[in-house]
Amino acid sequence: FELTKDFLKVFGRFPNSNETYKNHNIGYWCYLQRYMYKKGTLKEWRYDKLKTIDFPFNIKESVLAKGNKRWNEMFELMLEFRDKYNRLPYTNDTFKGENIGNWCIRQRILRKENHIREDRIKALDSIGFVWDINNYLWMEKYNLLKEYIQEYGKQPSTRTVYKGENLGSWCLVQRGTRKGYFKGKLTEERIQLLDKINFRWN
């Protein structure tokens, strides 16, 4: 039950019949609960416990509705987060007990795999949601750097860790990438963004 509850929290839906999660076949477990319910052999206390998470006993009628409800709840929570902090959630951000950062990453993965509905893409587009994961992660670190400079009035050292992120190491990579020491290329746009906050290149 707890694994199914956790799965629902992470993915915003109940598992399919053949899905495993944390090395447990929770999809089959859910199937068994529905089977016992139909046969009238599901114990009352188990039924009551499953109802607390809106378990879909009739999967055809319930799964989609629950998925919509959960997605809408997380979308509204993300809007709340954005209005409060004036930014979209970072990867590890939690808000009101929900891993809102992980939910955002999940939306990007679903779109990359063509597994997200068009109306949800439009809803996320309407609030300026960033789909490119690599660009998003770079901007995440950039915004952390801006926060650090505003808070401490200086640039981080090479060993600086800020809000759980190795910010000093990230700065080192930006310098090295521009000089050609690391694989990849620092775009002109990113150079300009760093110049805006007086990034120390040497």
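**Salt bridges and helix packing in a predicted model**

The side chains of Glu-147 and Lys-163 meet in a salt bridge, with N and O 2.6 Å apart, where a salt bridge is a side-chain nitrogen of Lys or Arg within 4 Å of a carboxyl oxygen of Asp or Glu. This pair links distant parts of the chain, since Glu-147 lies in helix α7 and Lys-163 in the loop between α7 and α8, 16 residues apart. The model is predicted, so local features need pLDDT of at least 70 and side-chain atom pairs count only at pLDDT 80 or more, whereas totals for chains, interfaces and linings use all residues. Residues are numbered from 1 along each chain as its sequence is written, and side-chain values use heavy atoms, with hydrogens and water left out.

By the salt-bridge rule the count comes to 9, and bridges that share partners join Arg-70, Glu-73 and Glu-98 into one network. Glu-80 also forms a salt bridge, with Lys-96, the closest N and O atoms being 2.2 Å apart. Lys-96 is exposed, with a relative accessible area of 59%, while Glu-80, at 36%, counts as partly exposed; buried means under 20% relative accessible area, exposed over 50%, and partly exposed in between (1.4 Å probe, protein chains only).

Helix α7 (residues 133–152) and helix α8 (residues 167–179) have axes that come within 11 Å and cross at roughly 115°, the axes being lines fitted to C-alpha atoms, for helices over the stretch in contact, and the angles running from 0 to 180 degrees between N-to-C directions. Helices here are DSSP runs (H or I, at least four residues), numbered from the N terminus.

Terms used. Helices (H or I, at least four residues) and strands (E, at least two) are DSSP runs, numbered from the N terminus.
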